[in-house]
Amino acid sequence: MKKLSFIFTLIIGLFISLNLHAQTKPDYYPGKWNVLVMGTPNGDSKMTFVLERKDGKLGGVVQDSTGKELTKITSVEEKDKTITAAFTIQSYDVTLTLDPVDDDHVKGSLMGMFDAKGARVKESK
């Protein structure tokens with residue numbers, strides 16, 4: 001009977017530790033991302049996306065290469081690991097879809113027509 005109690009306790013402990021580990025995994029997208037959109041009619045476009053999670057929802061702003069805010073992100077749709085950020089730029093409503101490549105790189109497209117790639121901006125400490 002003691003062996004059965006020990007095995008049962010061990011199994012319960014394993015499930016609890018796995019659940020705690022899954023909950024402590026960091027959120028992937030919040031932070032600053034330098035994104036290059038290639039092949040637009042005006043040439044390649046460099047933008048910085050500053051993403052943060054507030055009240056469980058992802059949002060943020062789009063900045064130019066100098067850090068000046070260009071526009072706010074109006075919505076972010078999250079599906080699995082993919083995000084689609086909607087914003088207005090130069091009077092056009094556009095969406096940028098991004099997928100993780102590795103811990104610090106993303107790839108995707110603007111409006112499904114222009115390829116995009118990005119890298120996480122590492123904050124110096």
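This is a predicted model: local features need pLDDT of at least 70, side-chain atom pairs count only at pLDDT 80 or more; totals for chains, interfaces and linings use all residues.
Student: Which residue does arginine 53 pair with?
Tutor: Arginine 53 forms a salt bridge with glutamate 78. Their closest N and O atoms are 2.9 Å apart.

Student: Where do those two sit in the chain?
Tutor: In distant parts of it. Arginine 53 is in strand S2, residues 43-54. Glutamate 78 is in strand S4, residues 69-79. They are 25 residues apart.

Student: Arginine 53: what is its relative accessibility?
Tutor: It is 30%, so arginine 53 counts as partly exposed. Glutamate 78 has 40%, so that residue is partly exposed too.

Student: Lysine 72: buried or exposed?
Tutor: Exposed, because its relative accessible area is 52% and the cut-off for exposed is over 50%. Glutamate 69, at 41%, counts as partly exposed.

Student: And lysine 122, which partner does it have?
Tutor: Aspartate 104, with the closest N and O atoms 2.9 Å apart. This pair also links distant parts of the chain, 18 residues apart. Lysine 122 lies in the segment after strand S8. Aspartate 104 lies in the loop between strand S6 and strand S7.

Student: Back to shared partners. Which residues are joined into one network?
Tutor: Asp27, Arg53 and Glu78, through salt bridges that share partners.

Definitions and conventions. Residues are numbered from 1 along each chain as its sequence is written. Side-chain values use heavy atoms; hydrogens and water are left out. A salt bridge is a side-chain nitrogen of Lys or Arg within 4 Å of a carboxyl oxygen of Asp or Glu. Helices (H or I, at least four residues) and strands (E, at least two) are DSSP runs, numbered from the N terminus. Buried means under 20% relative accessible area, exposed over 50%, partly exposed in between (1.4 Å probe, protein chains only).
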